[in-house]
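Subject: Structure handover

Hi,

Please read the two side by side.

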Amino acid sequence: MALPVEEWRLCVARRWAALEPALRERLAAASLHDTLRLGCGLLRPDAEVVALRRLCRRAPAGKEPAAARFYREEGNRLFGRRQYGAAVRLYSQAASHELPGSPEVSVCFANRSAALFHLGRFEVCLEDIARAESHGYPDRLLPKVLLRKAECLLCLGRLQDAGNTLSVVENKIAMDGIMTSAARQTLLKKLSQLKTKIREKESCPEPAREACGDIQRKSEIWEENDSISGASSSLSLNFDIERGRHLVAIQDIHPGQNLLKEEAFVSVLCPGESVLLQDSDETAWDTRVTNADLYCHRCLVQLLASVPCHGCSYAKYCSQNCADVAWEQYHRTECSLGALLLTLGVFCHVALRTVLLAGFAEVSRLVEGSRDNDKDLHNPEARCERPNEAPDTRTGTRGIPGCNDNGQYQSSYQAVFNLLPHAEKHSPEHKFLCVLSVVAICKQLQEAGLEAAVLNRESSEKCSKPEICEKTSGELSPELKIMAEAMLRHVLQLQCNAQAITVMQESGSGDGAVVNKKPVRLATAFFPVLSLLNHSCCPNISVSFSGTAATVRASQPIPSGQEIFHCYGPHRCRMRVAERQQLLSQYFFKCRCQACLDELKSDVKSVVSMRNSFLCPSCRASMQVGEDVLCCSNEACAISVSRESLSRRLQDLQQQIKKALELLKDRKADQAIKMLLKCQTDAGNFLSPKHLLMGEMEDHLAQVYATLGKWQEAARHLKRSIEIVEAHHGPSSVEIGHELFKLAQILFNGFAVSEALSTIQRAEKILSVHCGPQSTQIQELQEMKTCLLELPRSILQRT
């Protein structure tokens, strides 16, 4: 959720409507500095502040022992049913709600270690056992956990460590005076079994495993640009009045060539779509799994056993190191504001984290500089054309906004600050919403006694337990006003410059032989160098992400002199030109890319219009596009149908497909197949054979047949899906790459060796261009290929 919750937006809208007309006019025309100055006095303690506190209660982010007990009990229940993955998630939830230093949190880690052991994640299991010990796990229960530790060490081949651990267990059992005879006998029996296993392994050591050197990872050729941090030397930073700052190829670029590697200046995890845990019942506590539970809140790597923040229940990390770094850099300030930040949305959260990372000194320098030259910052063209700031003859970039004195454009706070906020183009109502939200955050910081932490004036130790400040008047300090002004600027910038960090996330249960993945928005970030790229509805690059890092690769040949274009979302293959232009209006420009210019001509139809068309219900000829009524293109038929009725029929079909997928989730594959086949028949009566929904149904049928192990049927349907996807997106698109990846899995499992190898080769070629040779999917494809090539030659010849 980028913007604040709807109730807060409505509350602010009512406040805006109640303002005097003269004040509304002043706010509409004000600079960022004046907007902030006026807005500071408009957040009323008895109205908006009270409403915001009420909304925050709906997004609790503090510790709650009652919730911890619930999650631990739910975890125990699922552990007993051998649903170990779900149990791990619930134990993590429980640990995040336990009070720091409480013995209960050690029980959460110990329980989670048991689930991890059953999942075969021995290294992570050992980490959780160490956490349980360090948090004061009860001594009377320790022998059982230490036996688990020994078994993990045994499985990892660390025999001496396993033996040492068993000696500790033996001593503890001998010294324990409370343990019952039955419990002692059970532990001694397990102890004896593990000792025997160690002796067997010592006498018959396992052969050393060969290093996985078969899969060679290609190193990508990279020569960094002298003037643009993280960019290839094949690019140049240019500027003109029409296109602003943009990147241009200064040499011919081939598909797959690396053009940019950039670490986000700042990123904030988006909560994301919720997924219900299997077999979970309706309860008072929320047992859904979201992105907030699945990914590290700092580095965005996927979590297995999270490390919770010691101050809140929301922030979770992949390691104690990530938790400590986040605390030092920004979370010591954000921790107590969790509910407020969740209520005000990701854009406000990004704005706060940006100024915290930059530090007060740098923020103050740039904010005060912008006040001295406010007109030029709102009009960077004028700034760049100053006679005393002519472009540097050596670099050609001096004077371009965001470049330093040496003409270098770096991924820095200065570059972020100089991204255009378009303050004069945002609606007055939106700016008012942003300023009241920013002021609310800064007042909360001041009232919570966190101002010194924001201004980097105290160590993290002194700020770890913030005290309530005695000064609770509505006036912000001058320093916080500077930070608030910068935050307001960043919230406005984000509408045009926010970059979504996406990941390929498994859809469905993830327990099948064929893994179905879809792109999911994981975080919102500032990438100042990536933001230099202008939009095209038919881009010439692909962007992929690894954690908080973005990599840009050429997706097609780019000749020298051609601009590098990114797609901001509306792609020519996904929507018509009118829809694209409407979506792009949020960026305050009208797209004039070649795809839009071509489609705006009366004699050219878009790919979407041609493929995603309706058929005549009578003669099945294509229906001509109309505003409200669609007419059959066959003059002999000339039937007309309202767009509304066809759209309603399409919605009904989509609902039926959704029900079929629910049946599949409930493991009712036969019923799912029957419903999907009926949907196919119905769709064929009014949808074009190349309609994307026809491809989706083929994809779903392939998925169902794969769950039944009917690999030939699955491959047949997926090949039909690939034909439709290729018609829409092209034979070398990333979408085709993902479909070929699924087909490769099906052919691999179906033992169609030669066809699997050729499909793997084609998928590798496409995905390496878009995602790079290091991507997870490429590695999985190479593993499949290695496995197939190691089969006996007689089998390879037969298949």
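A word on terms first: two strands pair if DSSP finds at least two bridges between them. Helices (H or I, at least four residues) and strands (E, at least two) are DSSP runs, numbered from the N terminus.

This is a predicted model, in which local features need pLDDT of at least 70 and side-chain atom pairs count only at pLDDT 80 or more, while totals for chains, interfaces and linings use all residues. Residues are numbered from 1 along each chain as its sequence is written, and side-chain values use heavy atoms, with hydrogens and water left out.

**Sheet 4-10-9**

Three strands make an open sheet here, in the order 4-10-9, and the pairing is antiparallel. Strand 4 (266-269) and strand 9 (499-506) are the edges; each has a single partner strand, so one side of each has no neighbour in the sheet. Neighbouring strands are turned by 40° against each other on average, direction ignored. (Axes are lines fitted to C-alpha atoms, for helices over the stretch in contact; angles run from 0 to 180 degrees between N-to-C directions.) Strand 4 is joined to strand 10 (residues 517-526) by 4 bridges. Serine 267 sits opposite alanine 525 in strand 10.

**Sheet 15-16-17**

This open sheet has 3 strands in the order 15-16-17, again with antiparallel pairing. Strand 15 (623-624) and strand 17 (640-642) are its edges, each pairing on one side only. Between strand 16 (residues 629-632) and strand 17 there are 3 bridges. Valine 629 faces serine 642 in strand 17. Helix 27 (residues 643-665) lies across strands 16 and 17, at about 65° to strand 17.

**Helix 28**

Helix 28 (residues 669-684) has 16 residues. From first C-alpha to last it reaches 22 Å, close to the 22 Å expected at 1.5 Å a residue. (The expected span is 1.5 Å times one less than the number of residues.)

Best wishes

Terms used:
Contact means heavy atoms within 4.5 Å.
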